[in-house]
Amino acid sequence: MAKNTLNSGKRHMGIRAANALSNTAIYIILIIISIIWLIPFVCIVLQSFRVESTYQVGYVVPKQWGWDNYAKLLTSDFKQWYINTFVTALVTAALQTVIVLCMSYTLSRFRFKLRKPLMQFMLVLGMFPGMLTMIILYRVLKDLGLTQANAVPGLILVYIASSGMGYYVSKGFFDTIPKSLDEAARVDGATRAQVLYKIILPLAKPIVIYTILTAFMGPWGDYVFAKYVSMGTSSGMNVAVGMFGWLSQDQINSSYTMFCAGGVVVAIPVTILFLCLQKYYVEGVTGGAVKG
């Protein structure tokens with residue numbers, strides 16, 4: 001009996017030692033990956049404070065430090081690009097979130113003819129790359145006067161136009177909420193809108209945060225379509241399009257450090273959002289993946 005207990009204790013100690021060793025190895029690998037991932041960001045931050053020269057150099061740590069590059073941003077077109085990007089992302093996030101959540105709630109709670117074919121059609125249609133429609137979208141926006149200097153409202157219109165097709169993650173989360181809550185509220189006299197806004201959405205806070213973040217991030221980092229719509233007009237550019245011009249052959253020597261400073265300024269709000277809302281973002285992704 002004592003021998004069996006001793007052998008069992010040794011096995012448990014061996015399992016704990018193996019787990020501790022594997023966890024240590026995993027942490028070391030994650031630390032190495034994190035360092036490799038952070039190196040480019042650290043280099044950009046350091047270069048943004050370099051004032052002894054404005055072109056690319058062969059060293060990372062500046063010889064002279066200062067805020068000159070950030071001051072230059074205030075006297076350049078960067079302010080207009082930043083405002084354009086922020087307005088586009090903010091309006092898109094608000095409207096797209098409302099549309100996606102309403103569509104997701106409808107598909108999760110209502111049963112009607114052609115419901116499944118509609119869901120399948122939107123899912124298949126969403127698999128086609130958006131670049132296939134760039135030419136026709138540009139022609140439509142141009143006819144409406146929503147290109148170049150008026151690119152911001154044109155981009156908002158395009159970003160929210162098909163947002164309802166992104167229903168699947170939110171719908172999966174709504175499917176996990178018991179329908180008995182809806183039925184109880186309906187018995188008490190609540191309308192469908194009241195059920196959604198007063199009962200379902202407070203319980204679905206993670207998926208709401210997830211939807212807002214994904215809707216905000218799309219316009220914030222868009223380059224291809226934003227460049228296509230603005231067509232070289234500085235007043236209609238976002239930060240991605242405008243700052244990329246600083247890397248052209250004729251501007252990079254005079255604007256490289258200012259480009260690094262702009263990159264830091266652009267990354268700050270997104271970083272703060274993810275740090276503050278990371279918990280809800282993860283819960284929204286995992287919760288929405290439970291049911292399809």
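Asn 19 lies in helix α1 of this predicted model. With a relative accessible area of 41%, Asn 19 is partly exposed, because that value falls between the 20% that limits buried residues and the 50% above which a residue is exposed. Along the chain, Asn 19 and Val 241 are 222 residues apart, and their C-alpha atoms are separated by 49 Å.

The next topic is a pair of helices. Helix α3 (residues 78-109) and helix α10 (residues 205-221) have axes that come within 8 Å and cross at roughly 140°. The crossing of α3 and α10 is right-handed. On the α3 side, the residues making the contact include Tyr 82, Phe 86, Leu 90, Gln 96 and Leu 101, and on the α10 side they include Val 208, Ile 212, Phe 216 and Trp 220. Sorted by class, this contact of α3 with α10 has 13 nonpolar residues, 6 polar ones and no charged ones.

Aromatic rings come next. One aromatic cluster is formed by Phe 78, Trp 81, Tyr 82, Phe 216, Trp 220 and Trp 246. Of these, Tyr 82 of α3 and both Phe 216 and Trp 220 of α10 also belong to the contact between the two helices.

The structure holds 15 aromatic pairs. One of them joins Trp 67 and Tyr 70, whose centres are 5.6 Å apart with 55° between the planes, a tilted arrangement. Trp 67 counts as exposed because its relative accessibility is 59%. Tyr 70, at 15% relative accessibility, counts as buried. Another pair is made by Tyr 138 and Tyr 228: the ring centres are 5.1 Å apart and the planes stand at 55°, so this pair is tilted. Tyr 138 belongs to helix α5 (residues 134-143) and Tyr 228 to helix α11 (residues 224-230), so the pair ties together parts that are 90 residues apart in sequence. Tyr 138 counts as buried because its relative accessibility is 10%, while Tyr 228, at 26%, counts as partly exposed.

Helix α6 (residues 151-161) is mostly covered, with 8 of its 11 residues buried. Among these buried residues are Val 152, Leu 155, Ile 156, Val 158 and Tyr 159. The buried residues of α6 pack against α3, α5, α10 and α11.

Two loop residues stand out by their backbone angles. Most residues other than glycine have a negative phi. Gln 148 is not a glycine, yet has a positive phi of about 55°. Gln 148 is placed in the loop between α5 and α6 and counts as partly exposed, because its relative accessibility is 33%. Met 231 also has a positive phi, near 50°, in a residue other than glycine. Met 231 is found in the loop between α11 and α12 (239-245). A relative accessible area of 42% is the reason why Met 231 is partly exposed.

Technical notes. Residues are numbered from 1 along each chain as its sequence is written. This is a predicted model: local features need pLDDT of at least 70, side-chain atom pairs count only at pLDDT 80 or more; totals for chains, interfaces and linings use all residues. Side-chain values use heavy atoms; hydrogens and water are left out. Axes are lines fitted to C-alpha atoms, for helices over the stretch in contact, and angles run from 0 to 180 degrees between N-to-C directions. Helices (H or I, at least four residues) and strands (E, at least two) are DSSP runs, numbered from the N terminus. A crossing is left-handed if the near helix is turned anticlockwise from the far one by less than a right angle, and right-handed if clockwise. Contact means heavy atoms within 4.5 Å. Ala, Val, Leu, Ile, Met, Phe, Trp, Tyr, Cys and Pro count as nonpolar, Asp, Glu, Lys and Arg as charged, and the others, Gly among them, as polar. Rings of Phe, Tyr and Trp (its six-membered ring) pair if their centres lie within 6.5 Å; planes under 30 degrees apart count as stacked, over 60 as edge-to-face and the rest as tilted. Buried means under 20% relative accessible area, exposed over 50%, partly exposed in between (1.4 Å probe, protein chains only).
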